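Colleague: I'm new to reading structures like this one. Could you show me how to look at some features, one at a time?

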Amino acid sequence: MTRHFKGLAASEGIAIAKAYLYIEPQLIISNENVVDVANEVMQLENAFEQSRHQIQILKENSQLETDLSLVFEAHIVMLSDQEWINSIKERIISERISAAYALESVSAANIMMLESLANTYLQERVADIRDVVRRVTSNLLGAQLPNLSVIQEEVILVAHDLTPSDTVQLSKQFIQGFITEIGGKTTHAAILARALRIPAVVGAKASTATINHGDWIIMDGSTGEIIINPTLEELTFYQKKIEENATLQQVFEKLSHEKTRTADGKNIAVAANIGSLHDLEDVIQTGAEGIGLFRTEFLFMESVGLPTEEQQFLVYKEVLQAMGEQAVIVRTLDIGGDKQHKNIQLQVEANPFMGLRAVRFCLENEVIFRTQLRALLRASTFGNLKILFPMIATIDELKQCKRILQEEKNQLIVENQPVADIEIGIMVEIPATAILADQFVNEVDFFSIGTNDLIQYTMAADRMNERVSHLYQPYNPAVLRMIKNVIDASHQAGKWTGICGEMASETLAIPILLGLGMDELSMSTSSILKARHTIQHLHVTEASQLAHLALEKATAEEVVNLVQGKTMQRNSLSKPC
């Protein structure tokens, strides 16, 4: 019987295949007293060592050039945490319990403590702890964890959740898409799906109970729609959509080295967001018009210790040389919130997204900040470098950053080191900054709007909390008015504004952003060609009229309906020319 249900759209695309029900083994742990305590301690040590080895193999075998590889570094660090291991040993010895039961008891207490703090970053760490504990427990009990790498046929994966250890085993050749019962667009699994460009639907509650192993499934990662055992008419309809998408993708690929301009001839810069040197190949292949955001925190997170000035200089130099005359906007260290570093001990905060992060951290840790700025200044002569300060909330913070930058520039000149003139910008991701843009513009050369944070701060809705996901509204008129305020302030001062948040790549958002006067859109490389195609079919005058109407709406839903209505009238955004 055909059944329909829905989850959250996490990664675009349509898949049709048999369901592969991914069920975890039941790990039964006994709480009976043990006789040979020394043997239990030895088994614990062996299980931790075996788990470290398995994680290292997973990390090395991963061919993914994504930030997810950093998750396995964190898992290895956890598995090497002697304080944690010793606390488990103490429970084994003092209570004469099994290694598996001691591991579960100690870990459950840690998890309960972290969950009680109720902040997103620590909740994500709970998922990592559960993943590590699951692996160690399976090794203690001699249980075989499911191995996704053995799948040799095209399937749609259906699971309660996918851990980082699971996701690294996904094969694009056989995994046509996946459905999970929990999660959101920013979970590890969803990020990986977008990196692999496979469809994904998350938060599809009770899907493992609703879908049987071997059922035929249609899933649409663009809408969240799931159809179990579809009718012939439904199969025909979605197979046609797949063919249309494939044709459209061929059109996109022909745009890889074209300039991005609107239908009426206005040039729009479409740049790339990158996190490491590995991303450069895709930047060049898609013909990105510069790098609109280089997230340097991943350079820090990938390093064994804190990266030295010389290590950073060589990376920045290579990126600048690869891009030639095109602009490379480098964001200074944005750590804290949902980004942590194993060599930087950050205090646990009740709400880290509003705590000591980004520039706030750097101004309290000037040695780290000055080291990065020196490396950037030294690299500046090798290309078109622009420096971007994140999480700026006050004029005083910005002035402190500029003062430190100037001091390091003066010192390099004294050392006879060549330094180029560099444009300075700030991330606009705090409502106070957006509202006061007409004052900030006097201190900068450009603005870069970080909509991911700007939206969550404006709407007071954590972007990683699925319980308030309905309040995370990119199209809320309040958000759009803030964006307009920033653009208008920059243009009145003869300067420019770009956007580097997820919103920059959304087909519905692009007409509004262009209509508001946005000068640059920066996005992941996988979105560039689609965005270029969208822009080619837009007229600036029409986009301006659309944006004006959107600003007058009262709700996000009204804005979305407005844009969709105009798109249907034009009927050109989704058709190849």
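Colleague: How many residues does helix H15 have, and how far does H15 reach from its first C-alpha to its last?

Modeller: Before I answer, note that this is a predicted model, where local features need pLDDT of at least 70, side-chain atom pairs count only at pLDDT 80 or more, and totals for chains, interfaces and linings use all residues. Residues are numbered from 1 along each chain as its sequence is written, and side-chain values use heavy atoms, with hydrogens and water left out. Helices (H or I, at least four residues) and strands (E, at least two) are DSSP runs, numbered from the N terminus. The expected span of a helix is 1.5 Å times one less than its number of residues. H15 covers residues 395–414, so to speak 20 residues, and its end-to-end reach is 29 Å, close to the expected 28 Å.

Colleague: Which residues of H15 are buried?

Modeller: "Buried" means under 20% relative accessible area, "exposed" over 50%, and "partly exposed" in between, using a 1.4 Å probe and protein chains only. In H15 the buried ones are Glu397, Leu398, Cys401, Ile404, Leu405, Glu408, Lys409 and Leu412. These residues cover an arc of only 135° around the axis, which puts them on the same side of H15. The arc is taken from the directions that run from the helix axis to the C-beta atoms. On the other side of H15, Asp396 and Val414 are exposed.

Colleague: What covers the buried residues of H15?

Modeller: Contact means heavy atoms within 4.5 Å. The cover includes helices H13 (359–364), H14 (366–379) and H17 (437–440), together with strands E12 (384–389) and E13 (423–428).

Colleague: Let me try another helix. Which residues of H12 are buried?

Modeller: H12 runs over residues 309–323, with 15 residues and a reach of 21 Å, close to the 21 Å expected. Its buried residues are Glu309, Gln312, Phe313, Val315, Tyr316, Val319, Leu320 and Met323. Seen down the axis, they fall within an arc of 165°, so they line one face of H12.

Colleague: Why is H21 described as largely enclosed by the rest of the structure?

Modeller: Ten of the twelve residues of H21 are buried, so the rest of the structure largely encloses this helix. Among the buried ones are Ile528, Leu529, Arg532 and His533. Their cover includes H9, H10 (280–286) and H20, as well as strands E9 (269–274) and E16 (520–523).

Colleague: At what angle do H19 and H20 pack?

Modeller: Two packed helices are described by the angle between their axes and the distance between the axes. Axes here are lines fitted to C-alpha atoms, for helices over the stretch in contact, and angles run from 0 to 180 degrees between N-to-C directions. H19 (477–492) and H20 (509–516) pack at about 35°, with their axes 10 Å apart. Leu480, Ile483, Lys484 and Ile487 in H19 meet Ile512, Leu513 and Leu516 in H20. By class, this contact has six nonpolar residues, no polar ones and one charged residue. Here Ala, Val, Leu, Ile, Met, Phe, Trp, Tyr, Cys and Pro count as nonpolar, Asp, Glu, Lys and Arg as charged, and the others, Gly among them, as polar.

Colleague: Now the backbone. What is the phi of Ala460?

Modeller: Most residues other than glycine have a negative phi. Ala460 has a positive phi of about 50°, although it is not a glycine. Ala460 lies in the loop between H18 and H19 and counts as exposed, at 71% relative accessibility. Asn229 also has a positive phi of about 50°, and it is found in the loop between strand E8 (225–228) and helix H9 (232–253).

Colleague: Is Asn476 buried or exposed?

Modeller: Asn476 counts as buried, at 12% relative accessibility. Asn476 sits in the loop between H18 (451–459) and H19. Leaving aside neighbours within four places in sequence, it is in contact with Met459 and Ala556.

Colleague: How far apart in sequence and in space are Leu141 and Ile29?

Modeller: Leu141 and Ile29 are 112 residues apart in sequence and 8.2 Å apart in space, C-alpha to C-alpha. Leu141 belongs to helix H5 (120–141). Across the protein, residues 24 or more positions apart account for 70% of the contacts with a separation of 6 or more.
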